[in-house]
Amino acid sequence: MPHLLIEGGHRLTGTVPAHGAKNAVLPLLAATLLPCGESVLHNAPRLSDVNGCLDILRQFGCRCAVDGRTVTVCADAADHPVISDDLMRKMRSSIVFLGAMMARFGEAHLSYPGGCELGPRPIDLHLAGFRQLGAEIREERGQLHAFLPHGRFIGNTVSLSFPSVGATENLLLAAVTAEGTTTILNAAREPEIADLAAYLTACGARIVLDDGTVTVEGVRQLTACEHTVMPDRIEVATYLAAVAVTGGEAELTSMCPAHVATILPVFSEMGCRVREYPDRVTLVAPGKLRRIPFLRTMPYPGFPTDAAAPLLAASTLAEGTSVFVESIFESRYKYTGELARMGARIKTEGRVAVVEGVPALSGAAVHCTDLRGGAALVVAALAADGVTAIHQLSHLDRGYDSLEQTLTILGADIRRVG
Ligand code: UD1
């Protein structure tokens with residue numbers, strides 16, 4: 001099986017660009033089902049999750065083409081409102097297609113997404129919201145059958161009990177061609193939602209985003225357009241953590257500093273010198289990182305749950321004890337057991353992780369337990385003594401475009417074998 005071999009101890013230096021955001025491109029691909037004509041998405045990252053979405057779109061009957069990092073989708077001939085069980089299992093986030101499927105076909109058939117590496121992943125908020133917009137949904141024997149008795153969603157006010165990113169995106173996709181006006185209260189405010197709204201608006205949708213309230217005036221038809229996928233803020237956080245833990249100095253370009261506004265102060269707290277420019281940041285790491293006294297993940301604009309794992313990995317080599325509290329997912333610390341194999345000292349209880357910094361980590365054979373946990377192992381391996389072998393790369397390939405190439409440019413000794 002393919003695995004990464006990383007020889008740690010090389011100080012990362014140089015300049016690398018951020019790629020397009022995984023969490024933006026997935027809902028954007030779902031959205032391409034709605035307009036007539038050909039949607040062109042530039043800056044689409046090369047990820048297995050993007051390929052999974054394209055497989056789903058092709059199964060619907062869409063015409064899809066990929067040219068480098070430009071993806072073209074035409075849904076004009078789509079006529080098959082089904083996501084097969086294997087595609088659904090491959091990618092839990094395929095639930096984000098449900099709203100667009102119903103809006104486009106008037107019905108949708110797919111299997112229930114089930115849990116994942118991060119614990120249970122319910123979709124009750126998605127389903128309750130669709131029902132409030134007039135959908136009928138039957139759940140039987142692990143299958144979901146949804147349809148719109150009126151042929152269209154009917155605008156309504158939906159109040160989310162938690163600002164779920166996926167539910168907000170799904171309801172937005174449902175609302176853009178609904179009859180009447182939809183208001184989503186306590187909606188997620190992640191920048192990926194603004195990116196989705198920007199594409200839909202360019203296609204002719206009428207959307208107002210206002211600090212957790214999304215107002216959508218339904219339109220009859222959308223017309224496809226070109227859109228550039230926003231940069232990946234979690235990828236930026238991951239590479240900054242890698243630079244910081246190796247005592248390096250680097251510049252991340254083609255990114256948006258405002259999107260990492262709660263992440264950058266944590267690097268400063270660790271003793272890094274961070275500078276922001278309009279579309280890039282620079283980071284100079286100290287000889288020894290300082291601890292992170294307390295980091296709690298929160299919905300945007302709070303500290304993103306996806307960026308906690310790479311920061312936790314960096315803190316394993318910091319001076320002193322760091323404390324992390326995960327408030328989004330139930331079970332996000334599986335990877336800490338793998339970090340322990342490398343000599344990290346981490347205690348977890350429920351949603352809390354306490355990391356006691358150690359003077360050195362040592363290379364070991366470790367397995368990715370999930371996407372961001374895998375990123376944490378890469379960060380730790382880059383600073384460990386000796387060689388680390390990282391297995392189960394399918395997790396990393398879901399979310400990091402050109403990982404080895406990017407780290408090689410920065411001076412890492414990393415290669416994929418097997
Ligand atoms: C998205 C991101 C993921 C990120 C997460 C939180 C994508 C493809 N994935 O996931 O990388 O970690 O946001 O920023 O964009 N919940 C319910 N019922 C629901 C929906 C969610 O209880 O119907 C709970 C979840 O179990 C979880 C929390 O709400 O505990 C957050 O989930 P949500 O914001 O929906 O995350 P995703 O959209 O799945």
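Within strand β15, Ala 250 is the bridge partner of Gly 14, helices (H or I, at least four residues) and strands (E, at least two) being DSSP runs numbered from the N terminus. The model is a predicted one, in which local features need pLDDT of at least 70 and side-chain atom pairs count only at pLDDT 80 or more, whereas totals for chains, interfaces and linings use all residues. Residues are numbered from 1 along each chain as its sequence is written, and side-chain values use heavy atoms, with hydrogens and water left out.

Strand β2 (residues 13-17) and β15 run parallel and are joined by five bridges, where two strands are taken to pair if DSSP finds at least two bridges between them. Strand β17 (residues 280-284), by contrast, runs antiparallel to β15 and is joined to it by four bridges, with Val 281 of β17 as the bridge partner of Leu 252. Because four of the five residues of β15 (residues 249-253) are buried, this strand is largely enclosed by the rest of the structure; buried denotes under 20% relative accessible area, exposed over 50%, and partly exposed the range in between (1.4 Å probe, protein chains only).

Around the ligand there are 17 residues, of which Asp 124, Leu 125, Ser 164, Asp 306 and Ile 328 come nearest, a residue being counted as near if one of its heavy atoms lies within 4 Å of the molecule. A nitrogen atom of the ligand lies 2.7 Å from an N or O atom in the side chain of Asp 124, while ligand oxygen atoms are placed 2.7 Å from a polar backbone atom of Gly 166 and 2.6 Å from a polar backbone atom of Ile 328.

Two or more residues of the ligand shell are given by each of α5 (124-132), α6 (165-175) and α10 (305-315), and the largest share, three residues, comes from α5. At least three shell residues are drawn from each of domain 1 (3-19 + 231-417) and domain 2 (22-228), the bounds of which come from an automatic or database domain assignment.

For helix α12 (residues 371-383), 13 of the 13 residues are buried, so the helix is largely enclosed by the rest of the structure. At the start of α12, a side-chain oxygen of Asp 370 reaches to within 3.2 Å of the backbone nitrogen of Arg 372.

Definitions and conventions: A polar contact is a pair of N or O atoms within 3.5 Å; within protein, one must be able to donate a hydrogen and the other to accept it, and residues adjacent in sequence count only if both atoms are side-chain atoms.
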